There are 2 protein chains.
Amino acid sequence: MENFIAYNPTSLHFGKGILADLVPAIRQYGKRILVVYGQGSVKRSGLYEKITHSLQSAGMEVFEYGGIRSNPIIEDVESAAAIGRDNGVDMVLAIGGGSVIDSAKVIALTIPVSHPAWDFFVGKATPQSGLPIITVLTLAATGTEMNPFSVVSNQKARMKAAVSSPLAFPKHSFLDPELTMTVPRDYTAFGIADLMAHCMEAWFGAGNCPMSDKLILSIIKEAMEAGPPLLNDLQSYELRARIMYAATLALNGITIQGKVSGDWGVHAAGHILSLLYDVPHGASLTIVYPAWMRLFKSQIGSRIADLGSAMFNESLTADQAIGRIEGFFLSLDCPVKLRDMNLRNPSMADMVEAMETSKVNGMNMKFKEGDYLKLVELFY
Amino acid sequence: MENFIAYNPTSLHFGKGILADLVPAIRQYGKRILVVYGQGSVKRSGLYEKITHSLQSAGMEVFEYGGIRSNPIIEDVESAAAIGRDNGVDMVLAIGGGSVIDSAKVIALTIPVSHPAWDFFVGKATPQSGLPIITVLTLAATGTEMNPFSVVSNQKARMKAAVSSPLAFPKHSFLDPELTMTVPRDYTAFGIADLMAHCMEAWFGAGNCPMSDKLILSIIKEAMEAGPPLLNDLQSYELRARIMYAATLALNGITIQGKVSGDWGVHAAGHILSLLYDVPHGASLTIVYPAWMRLFKSQIGSRIADLGSAMFNESLTADQAIGRIEGFFLSLDCPVKLRDMNLRNPSMADMVEAMETSKVNGMNMKFKEGDYLKLVELFY
């Protein structure tokens, strides 16, 4: 076991009707609220209206920034931060999925500063202060609702990059599984894949902690138990709740405590597919993971075999494990090859070049010269 | 799944040499430190001297209260709080095991008030403020280092009672497994049993959350994997670390999220054995648990069978499961009957009477008329 610090101050409010506690939670941080949201589904569903109405009824002033994209971009962060700054807001309320919350985190860090938000992502600046962040989650997938991470794209720089700061922990996150009932089948599946991939990044990370291994497998098996039936019963509160909670646990810290780090090479490579072809995040991971395991299986074959054996309750070789995991992703109707997506002319050269620009790598398993091309070939 | 709020703001600093971060953590809360400790083992080991010297070198003033007993009593809490109050301390630093930390929590809540500390335990007062608490843990067992609970005895009232307040979360807890190396074999085993019992209280609690069930079993299995070899190798850092971390997870909230509550009837009954006969807490639990399962097996037989089957990786009946769990406790050299302890004349009537006085009960499984006697008979 490695030394670690476990710290997670987010209050997670989970369950049916839990938004009743939203206004009291917000009230303690001020009265001028910047509400950020995505492509308008929260307006169409009435959720935005319901929440802002309750804020206004409580005497608060609401400022808004909508239109955050599903792979969020730094320009939206800058524009939203300018609105917050100009209006002297006290806090940021995110209503939406991972992209909206990831954006809200950086918006809250950027409002107090005069430099570009992107500086946080490239190490030119470290967050020193930030407005309080409260989130209302509408998609079970990324776990951002209970962690200090944010991932944002910069299309000009052709990079998708991450920032982490204790200041980026949401103060409160509200998770009502009923709000995820309207998520379509494909994005529900991508969310399940995403949470499983987060666990796998921890599994394949550096360092050895048997307790964390057990927690990782617990979350993966919960996703495997609740995920497939959910895809056949999208209105099941219980199954929605199980996936939503598993997604939070998959990236709130418990999978990695006692290890050196997760790997995150698969996420880094997956981000390239999102950046170049707007592949949904979860879908990029189900394409990259089987390829990544095939690329590295000579080095970590027994670790791959152990994962698959635990997932499927039988003794598997590494090759069998990869095949079964790929099969499970397919059973969720997630893509495992580029051809499973309707992409317009994906280019090996472009993917390899973007990986080079972004210096795609894992924290444990390192890509060597020529590995980008080998990996990309395995996407076909 | 039930609605829940997950909130745990404690910073857990875990690992070898982690005390290097202690003074910086303390410094942010002030300069006048009340240090509380137990029966002197931290003085004999040199740990007390090492820590207080580093505090004084950093310009802090140290006040001390030693002598907290292994089943902590309210009189010590009152005396320590008076010292803290009289000297205007800024915070409380606990160096020790669960009893010292449980006491420190209530000391920190009591210093600012003028009523007796016991009022918090009997519902006559609710904590409104509290001094910051920092802990240095020297015994892996209770999980108090990362939760808001405290259990203290009142011998005059013949009660052992619990209090819970968000104010009682330690701000920081420092867990260096090396500090537990000197814990003798019996108390090491009691700690393993204690953490397993905490998981079992969650398992037998009210409400159904499949994710929590999986987390509970993960922690129990970690204890079963690392516990027995540790008893044969008390100087193993790795095994000490695994048990120490498992003990924290067993009662930091993750076993119970999504359920209504744990049960805690076994703890309530075990407290009676500690109160009357000073039975170590962990030992009281290994005596009570088999008896409790036998008492309730007609109602929760399948739940008992599921637990045992998962623990021992084979399909067991409830009776077989109870026998195997009892056997596991015996394999740790923990008592499973009163006769396994050298008690002076334990009295059935006294135990039943004390259970009546304390209104011993579970939050899920309720003792009916006559059950106290039936339970106590099963201790023999």
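In chain A, 78% of the contacts between residues at least 6 apart in sequence join residues at least 24 apart. The model is predicted, and the secondary structure of chain A comes to 13 helices and eight strands. With a radius of gyration of 20 Å, close to the 21 Å that the globule rule gives for 380 residues, chain A is therefore as compact as a globular protein of that length.

**Overall dimensions and burial**

- Taken along the principal axes, the box filled by the C-alpha atoms of chain A is roughly 60 × 45 × 45 Å.
- Of the 380 residues in chain A, 56% are buried.

- Strand β5 of chain A covers residues 133-137, and because five of its five residues are buried, the strand is largely enclosed by the rest of the structure.
- In a regular strand the side chains alternate between the two faces of the sheet.

**Neighbours of β5**

- Strand β4 of chain A, residues 91-96, pairs with β5(A) in the parallel sense over five bridges, and within this pairing Leu93(A) has Ile134(A) as its bridge partner.
- Together with helix α5 of chain A, residues 98-110, the strands β4(A) and β5(A) make a right-handed β-α-β unit.
- β5(A) also runs parallel to strand β8 of chain A, residues 172-175, to which four bridges join it, and here Val136(A) stands opposite Phe174(A).

How values were computed
Residues numbered from 1 in each chain as written. Chains lettered and ligands numbered in written order. Predicted model: local features only at pLDDT ≥ 70, side-chain atom pairs only at ≥ 80, totals over all residues. Helix = DSSP H or I, 4+ residues; strand = E, 2+ residues; numbered from the N terminus. Rg over C-alpha atoms; globule rule 2.2 N^0.38 Å. Buried ≥ 20, exposed ≤ 12 C-beta atoms within 10 Å, placed from the backbone. Contact = placed C-beta atoms within 7 Å. Pairing = 2+ DSSP bridges. Right-handed = clockwise from strand over helix to strand, strands pointing away.
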